[in-house]
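Me: I would like to understand how the words used for a protein model follow from their definitions. Could we go through them one at a time?

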Amino acid sequence: MIMKKLMLGNAAVARGAYEAGVRVVSSYPGTPSTEITEEIAKYDEIYCEWAPNEKVALEVAIGASFAGARAMSCMKHVGLNVAADPLYTASYTGVGGGLVVCVADDQGMHSSQNEQDSRLVAISSKIPMLEPADSEECKIFTQKAFELSEKYDTPILIRLSTRISHSQSLVQEGERENVELKDYVKDTAKYVMMPAMAMKRHHYVERRLDDMRKLAEDCEFNVVEKKDSKIGVISAGIAYQYAKEVFPDASFLKLGMINPLPTQLILDFAKSVEKVYVIEELEPVIENHCKVLGIDVIGKDILSNIGEFSVAQIREAVFGEKADTIKIEEPMPNRPPVMCAGCPHRGTFYVLKKLGLRVSGDIGCYTLGALAPLSSMDMCVCMGASIGMAHGMEKARGSEFARKTVAVIGDSTFIHSGITGLVDIVYNKGTSTVIILDNSITGMTGHQHNPATGFTIKGEPTKGVDLVKLCSAIGIDRVTVIDPFNIKKFEQVLREETEVDEPSVIIAQRPCALLKDVKHGKPLEINENCKVCKACMKIGCPAISVIDGKVEIDKSLCVGCALCVRVCRFNAIGAGGAKDD
Amino acid sequence: MTNIMIVGVGGQGTLLASRILGAAAIANGYDVKVSEVHGMSQRGGSVVTYVKYGDKVYSPIVGEGEADIILAFEQLEAYRYANYLKKGGKMLVNIQKTNPMPVITGAAEYPKDIIEKMRQKGADIIDVDAFSLACEAGNAKTVNVVLIGVLAARSNIEKDIWLSALEDTVPPKFLEVNKKAFELGYNL
């Protein structure tokens with residue numbers, strides 16, 4: 001017997017791509033998709049990279065495909081928005097080598113700013129989409145996606161979700177297929193999308209969609225599981241797994257190909273049962289399709305289109321049954337995520353709060369600066385938005401308002417889509433102050449390299465973007481580099497730069513506390529000088545709390561960064577670390 | 001089907017614990033699913049990992065009132081997920097306390113006598129001073145493996161299988177100290 005391996009859905013997608021002979025993978029990290037590309041990086045046979053953003057990543061994959069290689073690009077749902085421009089037109093051009101775009105949705109927003117449903121993008125871009133329901137399917141569907149891509153001359157979307165990406169289940173590994181590079185053929189009618197050519201390709205896309213509809217009728221991934229005929233359930237992806245537990249005896253139509261959806265298959269299935277439930281998270285995509293076909297289904301009238309499902313939630317909605325549980329009535333404190341002990345952003349947000357500045361924020365670990373006690377972020381919308389929003393606020397309310405406003409953006413986010421915002425400020429005579437939080441890594445998604453770190457995804461040294469030179473080339477004449485833990489100097493610089501009547505950039509430079517080569521001192525201790533003034537509590541460090549009226553430092557959490565030492569006025573925190581320099 | 005939940009605070013090593021558990025279940029010939037938390041909630045937030053094994057596992061998630069065992073790395077987190085315990089299920093609770101930010105800022109209070117209150121509600125609880133045992137083993141960071149040891153002694157999987165799962169999961173450099181931690185938990 002060949003042993004199956006326990007594998008994350010994301011790792012299984014990587015395995016599937018590897019076995020399908022993928023040659024080029026370009027992605028931008030984003031929870032819950034990040035590990036796909038990290039796993040790909042472990043295979044020496046595959047060229048892989050972190051691109052500056054999802055748009056570039058997909059363009060690299062498209063180029064590789066045109067050049068005859070099997071190629072893939074992976075991203076989170078909101079990343080697909082960034083890549084939407086090349087995506088929609090790659091639907092027209094079709095492919096050379098197989099092209100797969102893997103997108104991970106985040107129902108329940110475990111780590112995202114919205115919970116949009118990527119199936120709607122598949123529909124509007126007219127790109128076929130597959131949705132696996134466990135790790136084994138992640139592998140098989142990915143392999144098959146490359147084959148379908150070449151057969152039907154189309155990119156293929158694979159839709160994952162947090163619970164598929166980050167659940168481990170058993171996978172049977174196979175060998176890597178030897179797929180030769182296809183010949184490169186100059187074909188302007190197919191690859192140069194000017195109006196005349198593109199119009200012809202649009203006709204092709206509609207014909208292709210018809211072919212795919214036929215495929216959906218007997219696709220091996222759309223499976224009828226015939227059992228009791230009282231209840232029939234139509235479902236896909238993770239929702240199928242929940243539904244299987246809720247309806248153990250029902251008949252199922254499990255859809256693995258979710259764009260385009262089958263018609264006859266669904267009509268026949270609906271006819272074979274007395275009552276049809278459609279169990280799908282987020283938007284009623286399958287349900288609306290059924291309703292257009294005139295099938296009376298139960299779906300969003302009893303189940304929400306907000307958040308993720310659970311077995312218990314579906315069971316209650318369908319059967320009115322509630323789980324018999326221990327009930328705790330006592331209110332209990334939440335445990336929101338916090339900036340880690342030693343986090344460099346803590347210094348920045350401490351000073352921002354102290355100065356009472358309005359903060360236009362961005363996406364990353366530092367978004368946690370919005371939470372108490374630092375509470376110093378006013379807005380956060382999408383990657384790179386902080387800079388444009390700060391500029392917009394100035395244009396709406398004038399430069400006086402701008403003096404009390406800053407934009408805050410991480411190094412990776414700045415490279416991703418902040419640069420163009422900064423160009424806008426310079427070009428259109430703004431005076432905003434932009435703080436780039438340079439922690440030498442992409443933090444929130446778990447330490448990926450980016451163009452500013454000087455290393456590739458495989459850890460090879462490369463040229464790093466020089467942020468100072470970049471900003472000055474854009475036309476920023478005032479660029480300051482400073483350690484955000486040097487809070488006195490940081491405050492002084494911030495006061496100066498927000499006051500001046502021209503745009504400026506402050507690069508707050510200090511590496512992420514979780515990086516292996518970052519070493520602080522020993523854990524710190526409160527000494528007898530402590531007056532319990534609680535000034536050190538203002539930095540919001542998870543290691544410092546007041547227990548029985550005394551300030552205490554939790555040694556198991558403290559990394560000795562000594563930021564608290566710098567805010568203490570009574571010399572009450574000792575051992576390791578230096579006083580303000 | 002056996003449903004296990006591992007709950008704790010981001011950074012406590014719940015992920016490794018769930019992977020050891022998953023490896024042991026698969027070595028025992030079960031179908032297995034392990035559901036993890038990555039991303040934002042890992043930063044010191046409340047984290048929950050699910051491990052399910054049996055003949056055939058569908059949902060990777062354990063629902064309210066479904067957990068046979070809850071392995072809690074921290075008291076407040078045990079309390080938070082107590083309603084997930086099945087009638088007749090067991091809770092293994094590390095008595096360590098970590099204040100969440102609303103407690104640190106003074107916006108909320110850390111509930112008192114958590115274990116006692118849960119027992120009064122009928123929860124079957126084994127409380128463990130895993131931190132002391134981890135220190136006794138020689139590394140404070142082996143709290144997770146101590147707790148896996150406590151769980152292993154109450155599971156339907158043989159000890160040998162647990163030990164080889166540990167060997168397959170833990171870096172060789174830390175294997176000895178982790179084996180010690182496992183034994184201290186197992187023999188509790």
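Reply: Let us begin with pairing: two strands pair if DSSP finds at least two bridges between them, and helices (H or I, at least four residues) and strands (E, at least two) are DSSP runs, numbered from the N terminus. This is a predicted model, in which local features need pLDDT of at least 70, side-chain atom pairs count only at pLDDT 80 or more, and totals for chains, interfaces and linings use all residues. Residues are numbered from 1 along each chain as its sequence is written, chains are lettered from A and ligands numbered from 1 in the order in which they are written, and side-chain values use heavy atoms, with hydrogens and water left out.

Me: What makes β13 and β14 of chain A a pair?

Reply: Two bridges join β13(A), residues 275-279, to β14(A), and at least two are required, so the strands pair. They run parallel, and V276(A) stands opposite V297(A) of β14(A).

Me: Why are β9 and β14 of chain A called edge strands?

Reply: The open sheet has five strands of chain A in the order β9-β11-β10-β13-β14, with mixed pairing. Both β9 (223-225) and β14 (297-298) of chain A are edge strands, as each pairs on one side only.

Me: How do you know that the radius of gyration of chain A agrees with a compact globule?

Reply: The radius is taken over C-alpha atoms, and the globule rule is 2.2 Å times the number of residues to the power 0.38. For 581 residues a compact globule would have a value near 25 Å, and chain A has 27 Å, which agrees.
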